[in-house]
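Trainee: I have a model open and want to read it from the atoms up. Where do we begin?

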Amino acid sequence: MQWRYDISGIDTVTLHFGRRIDAALVAPIHRAAIALKASLGARLLDVVPSYTTLLLRYDVLQDDLASLMGQVSEVLNQLPDVTEDVDAESEIIEVPVFYHPSVGPDLKRLAQRAGFSVEEVIRRHSERLYQVFAIGFAPGFAYLGEVAEELSVPRLANPRAKVPAGTLGIADTQTALYPIVSPGGWNLIGRTPLTLFDQSRAQSSLLEAGQTVRFRPIAQDEYLELGGRLDDLPWGMEPGLEIQQGAPAEKQGEKL
Amino acid sequence: MTHSKLGLLIEKPGFLSLIQDAGRRGVMHLGLATGGPMDRHAWAWANYLLGNRFGAAAVEITFGQVEFVSQLNTSIAIAGAEVTVTVNGASQPLWATLSLKAGDRVALSAPRAGLRSYLAVAGGFSVAAGLGNSCATLHREKTGGLHRDGQPLKAGDLLPCESQSQNPPLQRQVPADWIPDYREALILDVIVGAQIERFPSSSLECFFTQPYTLSPQSDRMGARLNGPALEVFGERLISEGISLGAVQVPANGLPIILLNDRQTIGGYPKLGAVTPRSLDALAQRQPGSQLQFRPVALYEAQRREKAFLNFFNKPL
């Protein structure tokens with residue numbers, strides 16, 4: 001496979017596999033990460049995949065750049081250029097999502113903007129498979145792509161101060177789930193009842209770079225059954241939205 | 001009768017006091033920061049004086065003003081910022097072992113120079129390792145630390161440790177020549193990176209010759225700088241993994257040095273990375289301190305880093 005590297009710090013090198021964001025790079029970068037970890041083991045303190053790169057961190061006491069890169073080259077140059085269907089080789093993680101204006105306050109605006117019904121937005125968002133390009137911004141925050149062009153929408157000019165954990169958003173051609181409550185500027189369209197990040201779990205982050213994700217639309221009943229919450233929404237409820245576990249009264253008017 | 005844990009009981013937690021060991025490994029790909037002490041030099045000395053292994057958990061105290069009571073007989077060491085340390089009101093040396101008896105009260109003043117003090121205890125604090133096999137406290141992530149919730153120490157927190165009563169007690173101190181002067185003007189070594197092609201030579205010349213000052217907006221994620229703005233060619237880059245010490249230049253042209261609690265990926269163009277030894281020194285500079293940058297060869301930076309690690313990895 002095609003690659004080059006540069007020195008990015010005292011104990012890091014950055015491997016480059018491409019020049020632009022491309023879903024077709026996710027699988028080869030994932031394969032390279034697996035092969036490097038298998039071959040170099042504890043010599044690599046961290047292996048951080050991103051859209052076009054892998055950052056490798058090594059132990060300067062145990063290793064030197066020449067011997068490290070010698071082995072990295074050997075591993076990468078033996079990796080075949082695979083062009084088969086990427087979806088076939090990586091596991092598909094199914095993420096149930098309650099797409100609804102109550103938990104996705106930007107859903108209606110997105111539908112209007114695209115000239116679709118809300119149902120059509122949900123269909124178009126959930127019909128395709130997404131690749132995890134990278135994890136970053138916060139623990140377990142997965143950048144997924146790519147969103148259908150007609151659903152692509154720029155980040156909010158004024159980010160919300162508080163986005164509840166599990167909320168699903170779109171920014172440009174990417175979509176992502178907020179693992180923990182945090183500020184956020186993505187356009188919010190739904191929410192998963194799954195816990196995306198839990199430090200007490202053996203696999204603390206549900207999602208990792210290289211995985212494939214499918215969103216499964218679920219109704220409010222199933223969302224609640226799976227443990228989904230509606231009592232922690234920081235934005236005001238629209239009148240007429242049927243919410244079984246209503247938001248606490250003091251939060252109703254709190255528009256962010 | 002159950003055996004309850006004993007240790008050092010925090011009465012005044014100060015402005016920001018965090019449990020820090022050597023930091024996390026193997027979890028950056030999950031979006032988790034590495035954490036760890038901002039000034040490894042003072043942190044490592046505090047542990048080393050007590051015969052602790054390199055990497056033992058200690059407390060990083062930013063801007064002093066901490067008070068605690070020992071519930072057992074033990075030895076501690078405090079290194080780093082120039083603070084007044086008292087035990088039961090009597091002034092004690094920094095960069096030295098101090099033996100404590102159960103009931104002794106220890107107080108740190110605000111620093112006269114430097115920013116961060118490191119409090120180590122004989123045997124290290126017994127804090128369970130979590131993410132990345134580390135107990136480092138990551139405030140922004142709400143992970144790690146004493147209660148695994150990323151919270152700084154607060155009044156009433158008990159830092160568990162073993163009682164140690166060596167007879168005669170440990171008496172060690174760092175030779176005066178080896179204690180840094182945190183008032184000294186600081187020149188930071190930078191390993192120049194591949195993205196310098198993004199910066200016109202006038203910007204590079206400016207960065208490596210003009211003084212910058214440390215902004216009060218700095219924290220454990222990044223050191224923000226005030227000074228001449230740098231011009232950058234082209235657009236934002238595609239986000240990639242960020243190395244410790246990376247000097248990124250956002251749209252306003254003012255460099256930010258990314259530190260222990262930085263986000264794991266980012267897309268601003270980078271000039272290179274400040275060496276860990278320079279970051280140790282930077283961690284003791286108060287806001288407003290003047291800084292300059294100079295390029296260093298990777299080989300030279302690694303040689304100094306290895307000498308530092310080898311020294312503290314050898315038992316006393």
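Mentor: Begin with a cut-off: a residue is buried if 20 or more other C-beta atoms lie within 10 Å of its own. Keep in mind that this is a predicted model.

Trainee: What share of the 256 residues of chain A count as buried?

Mentor: Apply that cut-off of 20 or more other C-beta atoms within 10 Å. Chain A has 256 residues, and the share of them that counts as buried is 41%.

Trainee: How many helices and strands does chain A have?

Mentor: Both kinds of element are present in chain A. The counts are 7 helices and 13 strands.

Trainee: Among contacts in chain A between residues at least 6 apart in sequence, what percentage join residues at least 24 apart?

Mentor: Contact here means C-beta atoms within 7 Å. Take the chain A pairs at least 6 apart in sequence, then ask for at least 24 apart; the share is 61%.

Trainee: Which element gives the most to the side of chain B that touches chain A?

Mentor: The contact takes 35 residues from chain B and 33 residues from chain A. On the chain B side, strand E15 (240-241) and helix H4 (298-313) each supply at least two residues. The top contributor, with 6 residues, is H4(B).

Trainee: How do the residues of that side of chain B divide into nonpolar, polar and charged?

Mentor: Sort the residues of chain B that touch chain A by type.

Trainee: How far apart do the C-alpha centres of domain 1 and domain 2 of chain B lie?

Mentor: The domain assignment gives domain 1 (7-178) and domain 2 (186-313) in chain B. Their C-alpha centres lie apart by 27 Å.

Trainee: Which element supplies the largest share of the side of domain 1 of chain B that touches domain 2 of chain B?

Mentor: In chain B, 21 residues of domain 1 are in contact with 15 residues of domain 2. Helix H1 (40-49), strand E5 (74-82) and strand E10 (113-121) of chain B each give two or more residues to the domain 1 side. The largest share, 4 residues, comes from H1(B).

Trainee: Which element gives the most to the largest nonpolar core?

Mentor: That core has 150 residues, and B:Ala46, B:Ala58, B:Ile78, B:Tyr118 and B:Ala120 have the most contacts inside it. Not counting residues up to four places away in sequence, B:Ala58 touches residues including B:Trp43, B:Ala46, B:Tyr118 and B:Phe125. The element that gives the most to the core, with 7 residues, is H1(B).

Terms used:
Residues are numbered from 1 along each chain as its sequence is written. Chains are lettered from A and ligands numbered from 1 in the order in which they are written. This is a predicted model: local features need pLDDT of at least 70, side-chain atom pairs count only at pLDDT 80 or more; totals for chains, interfaces and linings use all residues. Two residues are in contact if their C-beta atoms, placed from the backbone, lie within 7 Å. Ala, Val, Leu, Ile, Met, Phe, Trp, Tyr, Cys and Pro count as nonpolar, Asp, Glu, Lys and Arg as charged, and the others, Gly among them, as polar. Domain bounds come from an automatic or database domain assignment. A nonpolar core is a set of buried Ala, Val, Leu, Ile, Met, Phe, Trp, Tyr and Cys residues joined through C-beta atoms within 7 Å. A residue is buried if 20 or more other C-beta atoms lie within 10 Å of its own, exposed if 12 or fewer, and partly exposed in between; C-beta atoms are placed from the backbone.
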